[in-house]
Amino acid sequence: MTNNDILRRIRYAFDFKDSTMIKIFALADFEASEEQVSSWLKKEEDEAFLNMRAKELAAFLNGFISFKRGKRDGPQPKLEDHLNNNMVFQKLRIALNLQAGDIAAIFELADFSLSNHELSAFFRKPSHKNYRECKDQVLRNFLLGIQRQQRPNQSDVEA
């Protein structure tokens with residue numbers, strides 16, 4: 001999944017307007033213009049499409065944590081130059097304050113199942129012997145489950 005895909009899916013799942021998206025970026029002390037946000041949300045075929053860098057997605061996800069849980073005092077976390085699916089999954093878990101049972105229920109909404117052992121492996125440090133890389137399919141199903149949870153009466157539109 002590309003950074004743009006992740007941003008589009010989160011925006012659709014939570015039905016965020018452009019103004020809300022800009023506020024979320026601002027919560028991470030990142031300035032994003034309406035034009036940038038609009039270009040990041042476009043499909044790749046669109047000539048106005050702008051590829052979203054990892055640092056920009058990290059800013060959105062950090063801002064999303066602050067948006068959902070409140071901005072923490074002191075300096076904001078440093079923005080990562082590189083993100084992988086495990087990091088995205090972890091940031092979403094923190095933002096939504098999810099426990100293992102909550103995550104399992106979200107996967108169930110997407111007709112996808114994982115054991116608690118498989119799930120906990122995604123949140124381990126990469127150096128841990130039981131660490132497991134979060135593949136696109138897992139993250140895609142997690143975002144689909146969130147979409148179905150947040151917008152239960154909507155059809156499954158690809159964001």
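Let's start with N85. Leave aside its neighbours within four places in sequence, and N85 touches C134, K135, D136 and L139. Keep in mind that this is a predicted model.

Where does N85 sit? It is in helix α5, which covers residues 85-95. Is N85 buried or exposed? Its relative accessibility is 12%. Buried means under 20%, so N85 counts as buried. The side chain of N85 makes a polar contact with the side chain of D136, at 2.8 Å.

D136 brings us to the next helix. Helix α8 runs over residues 136-150, and it packs against helix α6, residues 100-109.

How do we describe such a pair? Two packed helices are described by the angle between their axes and the distance between the axes. Here the angle is about 85°, and the axes are 7 Å apart. Angles of 65 to 115 degrees count as roughly perpendicular, so α6 is roughly perpendicular to α8.

Which residues make the contact? From α6, we have I103, I106, F107 and L109. From α8, we have V138, N141, F142, G145, I146, R148 and Q149. Now sort them by class. The contact of α6 with α8 has seven nonpolar residues, three polar and one charged.

Stay with α6 for a moment. Which of its residues are buried? They are I103, I106 and F107. Look down the axis of α6. The buried residues fall within an arc of 100°, so they line one face of the helix. What covers them? The cover includes α5, α7 (116-122) and α8. Now turn to the other side of α6. There, G101 and E108 are exposed.

What comes after the helix? α6 is followed by D111. The phi of D111 is positive, near 55°.

Last stop: Q76. This residue lies in the loop between α4 (54-69) and α5. Is Q76 buried or exposed? Its relative accessibility is 19%. The cut-off for buried is under 20%, so Q76 counts as buried. Leave aside its neighbours within four places in sequence again. Q76 is then in contact with L27, D29, S66 and K71.

How far apart are Q76 and L109? In sequence, they are 33 residues apart. In space, they are 33 Å apart, C-alpha to C-alpha.

Note on methods:
Residues numbered from 1 in each chain as written. Predicted model: local features only at pLDDT ≥ 70, side-chain atom pairs only at ≥ 80, totals over all residues. Heavy atoms only, no water. Axes fitted to C-alpha atoms, helices over the stretch in contact; angles between N-to-C directions. Helix = DSSP H or I, 4+ residues; strand = E, 2+ residues; numbered from the N terminus. Parallel < 35°, antiparallel > 145°, perpendicular 65-115°, else oblique. Contact = heavy atoms within 4.5 Å. Nonpolar A, V, L, I, M, F, W, Y, C, P; charged D, E, K, R; others polar. Buried < 20%, exposed > 50% of the residue type's maximum accessible area, 1.4 Å probe, protein only. Polar contact = N/O pair within 3.5 Å; in protein donor to acceptor, adjacent residues only side chain to side chain. Arc of directions from axis to C-beta.
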